[in-house]
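Keep the viewer open as you read.

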Amino acid sequence: MPAPATPAPARGEEPGLITFHRPAEVPAARTVRPVPGRVVADYGWVAAGEAGEHYHHGVDLAAREGDPVRALRGGTVRRVGSGDPDRREGGRDLGQFVEIDHGEGVLSRYAPLTDLQVKVGDRVEAGAVIGRVASPPPAEPGAPHLHLEVHAGGGSVDPKPFLDDGGGI
Ligand SMILES: [Zn+2]
């Protein structure tokens, strides 16, 4: 059977339209899920019973204590501390945390951590182990998990787009 003279266009490649492909040598910022577990608490407003509601500035990913925590993207460790990273009055104690600056106003924050593998000023690649999951912090009791925040443009944003397709901002 002869091959058709004009092969059917591939999906998304209609004839006459120019299709842009990202050059292999210029990949989008590589993004790595910090822990493999699923999202067990979403970003945004959370009803908190008699305490009213509060804003959850990140997502919680299921994990076990001692699991390695990996950098979401490459960057520079900007801050290491413990307690409330935002130092708000009556703030939330997230335990020990690490912040990584990814440039262009994007940073990621990880808590609660133990066995830290980085210090302020360290350069890290995407996927580098920065520490291990600690027992749940006072602000987020319950099952062990990793609290992950992404900040962009000066405020927190939903980290999920960074986790789903490696894309994001
Ligand atoms: Zn959380």
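## The core and its surroundings

In this predicted model, the largest nonpolar core holds 26 residues, and V98, Y110, L113 and L146 have the most contacts inside it. Two or more residues each come from strand 4 (59-62), strand 7, strand 8, strand 11, strand 12 and helix 1 (160-164). Strand 8 gives the largest share of this core, four residues. As a general background, nonpolar side chains tend to be buried together in soluble globular proteins.

Leaving out residues up to four places away in sequence, L113 touches V69, Q96, F97, V98, G131, R132 and A134.

## The chain as a whole

The chain has one helix and 13 strands. Reading from the N terminus, the elements run β-β-β-β-β-β-β-β-β-β-β-β-β-α. Of the 169 residues in the chain, 29% are buried. Among contacts between residues at least 6 apart in sequence, 59% join residues at least 24 apart.

How confident is the predictor, in average pLDDT? The chain averages a pLDDT of 84, and 79% of the residues score at least 70. Over residues 12-27, however, pLDDT stays under 50, and the model has five contacts beyond four places in sequence for this stretch. Where pLDDT is low, the predicted coordinates should not be read in detail.

Strand 8 spans residues 106-111, and six of its six residues are buried. In a regular strand the side chains alternate between the two faces of the sheet. Which residues of strand 8 lie on each side? V106, S108 and Y110 are on one side, L107, R109 and A111 are on the other, and all of them are buried, so that both faces of strand 8 are covered.

Strand 8 pairs with strand 7 (residues 96-101) in the antiparallel sense, over four bridges. In this pairing, E99 stands opposite R109 in strand 8.

Another group to look at is an open sheet of three strands in the order 5-11-9, with antiparallel pairing. Strand 5 (68-70) and strand 9 (113-114) are its edge strands, each pairing on one side only. Strand 9 is joined to strand 11 (residues 129-133) by two bridges, and these strands run antiparallel. Within that pair, R132 in strand 11 is the bridge partner of T114.

## Backbone details in the loops

Most residues other than glycine have a negative phi, and most peptide bonds are trans. The backbone has some departures from this pattern to inspect. A cis peptide bond joins A111 and P112, with omega about -10°. P112 lies in the loop between strand 8 and strand 9.

R87 has a positive phi of about 50° although it is not a glycine. R87 sits in the loop between strand 6 (75-82) and strand 7. D115, also not a glycine, has a positive phi near 50°. D115 belongs to the loop between strand 9 and strand 10 (123-124).

| Residue | Other C-beta atoms within 10 Å | Class |
|---|---|---|
| D67 | 19 atoms | partly exposed |
| D115 | 14 atoms | partly exposed |
| R87 | 8 atoms | exposed |

Why does D67 count as partly exposed and not buried? D67 has 19 other C-beta atoms within 10 Å, and a buried residue needs 20 or more. D67 is found in the loop between strand 4 and strand 5. Apart from neighbours within four places in sequence, D67 is in contact with V35, R132 and V133. Its C-alpha atom is 10.0 Å from that of P34, which is 33 residues apart along the chain.

V40 is in strand 1 (residues 39-41). V40 and D60 are 20 residues apart in sequence, with their C-alpha atoms 5.5 Å apart. Beyond four places in sequence, V40 is in contact with D60, L61, A62 and H145.

Terms used: Residues are numbered from 1 along each chain as its sequence is written. This is a predicted model: local features need pLDDT of at least 70, side-chain atom pairs count only at pLDDT 80 or more; totals for chains, interfaces and linings use all residues. A residue is buried if 20 or more other C-beta atoms lie within 10 Å of its own, exposed if 12 or fewer, and partly exposed in between; C-beta atoms are placed from the backbone. Two strands pair if DSSP finds at least two bridges between them. Two residues are in contact if their C-beta atoms, placed from the backbone, lie within 7 Å. pLDDT is the predictor's confidence in each residue, from 0 to 100. A nonpolar core is a set of buried Ala, Val, Leu, Ile, Met, Phe, Trp, Tyr and Cys residues joined through C-beta atoms within 7 Å.
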